[in-house]
Amino acid sequence: MSSSTAVPGSSPIAETAPLSLCALEPHVPADRLVAEMVPPPRFDSVRFDTYVPDPAQPSQIEAVKVLSDFAAGLGGAHATGAGKRKWFGGRKAVAPSGPRGVYLDGGYGVGKTHLLASLWHATPAAPSLKAFGTFVELTNLVGALGFQQTVKTLSGHRLLCIDEFELDDPGDTVLVSSLLSRLVEAGVALAATSNTLPGKLGEGRFAAADFLREIQGLSSHFRPLRIDGQDYRHRGLPDAPPPYSEEQVTKAAYATEGASLDDFPALLDHLARVHPSRYGALTDGIRAVCLTEVQPVPDQSTALRLVVLADRLYDREVPVLASGLPFDRLFSEEMLNGGYRKKYFRAISRLTALARDAKGLVAQ
């Protein structure tokens, strides 16, 4: 969208008007979903030695050691077909004596994704033999390829990393339980992050009995690794900047190459028309997101879609500049006390970090 229209009441700032996320409806082919199962750009360069443990939290130091050993142990574990695997120096496959995966349990902001991506990077295998994606991206992959083709595609991998393992409905629980069981049988190593222990997933949510029944089987595939600590995004950092005026946000959008500018309620409506699997593609080429009239999210379905968008923006390090309410007032008390509270707190934490990143967009 090109225009020489100036911001109302001011002289032209840029020859090209900002982009609008509401004008974009990306279509993502299935092969792109597979090819993009790698750590997101924010975690391209992370490694175990770039993780900075909190000295007051010995579990963080222990996690680095355990995961480093786990990665080293995958050096010979190449999937070559069911029942024909060779491990460690060419020896014939034997059934693993313990869990074939690690499960990083801890609150938001303790560096779980950093550690999970570091594990992916440290595992001695070609990128095509390692997969990294969020739980939502994994279920979207099954939806795009079909269950059997997903098993076939991933069973040749040495490692599958699943970030933010969240079970939001019984259908996804059964789907992922079956998929991971098949992959474990094929010899694929698993690693996952979540904010709750495997045996506790689904507590406080709808159909908890269904969740717990399925998760007991999943739980046996993982060695839980607890990571304690405070949200590093707020450790020693100032509070998020307060929202800016609509005029400031609009001027910044016009002055910033590759920025988008959208009315927040209109963007929420647009997200309902775009499948969450496409939210990453929705942000392709966007260098800053500018939002006007930020207000409380009206319902839980809308809130969960916003969580996915916040995750994709955070992964891609896209700063977010906004007018209206501060991000810690996006979700109602009922939402923050409900079964999806950890998702909402994660979204607040990540949007707050991106708001800090956006401070430089506003002319002082």
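How many cavities of 30 Å³ or more does the structure hold? The structure, a predicted model in which local features need pLDDT of at least 70 and side-chain atom pairs count only at pLDDT 80 or more, while totals for chains, interfaces and linings use all residues, holds three. Residues are numbered from 1 along each chain as its sequence is written, and side-chain values use heavy atoms, with hydrogens and water left out.

A cavity is here a set of points, on a 1 Å grid over the protein atoms alone, where a 1.4 Å probe fits but cannot get out, whereas a pocket is an open set with protein on both sides within 12 Å along at least five of seven lines; lining residues have an atom within 4 Å of a point. Grid points are joined across faces, edges and corners, and a volume is the space filled by probe spheres set on the points. The largest cavity has a volume of about 120 Å³. It is lined by 13 residues, of which V136, E164, D311, K343 and R346 are the closest to its centre. With Ala, Val, Leu, Ile, Met, Phe, Trp, Tyr, Cys and Pro counted as nonpolar, Asp, Glu, Lys and Arg as charged, and the others, Gly among them, as polar, this lining comprises eight charged, four nonpolar and one polar residue. Among the secondary-structure elements, which are DSSP runs numbered from the N terminus (helices, H or I, at least four residues; strands, E, at least two), α4, α11 and α13 (341-357) each supply at least two residues of this lining, and α11 provides the largest share, four residues.

The second largest cavity has a volume of about 80 Å³, and its lining is made up of 10 nonpolar residues, with no polar and no charged ones. These residues are F264, L267, L291, L306, L309, A310, L313, V320, F327 and L351. Helix α11 again gives the most, with four residues, and both α9 (264-271) and α11 supply at least two.

The largest pocket has a volume of about 450 Å³. Its lining consists of 29 residues, and those closest to the centre are E36, V38, E137, R312 and R316. Two or more lining residues come from each of α1 (30-35), β4 (130-134), α4 (135-145), α10 (279-282) and α11 (300-315). By class, the pocket lining has 12 nonpolar, 11 charged and six polar residues.

Nonpolar cores were defined as sets of buried Ala, Val, Leu, Ile, Met, Phe, Trp, Tyr and Cys residues joined through side-chain atoms within 4.5 Å, where buried means under 20% relative accessible area, exposed over 50% and partly exposed in between (1.4 Å probe, protein chains only). The largest such core has 63 residues, with L115, L119, L330 and F331 making the most contacts inside it, and its largest share, eight residues, comes from α11. Not counting residues up to four places away in sequence, F331 touches V297, A303, L306, L336, Y344, A347 and I348, contact being heavy atoms within 4.5 Å. A second, separate core of 23 residues includes L138, L154, L180 and L190.

In helix α8 (residues 246-255), the residues V249, T250, A252, A253 and Y254 are buried, and the buried residues of this helix pack against β8 (259-263), β9 (288-294) and β10 (320-324). C290 is likewise buried, because its relative accessible area is 0%, whereas C22 counts as partly exposed because its relative accessibility is 24%. A search of the whole structure finds zero disulfides, a disulfide being a pair of cysteine sulfur atoms within 2.5 Å.
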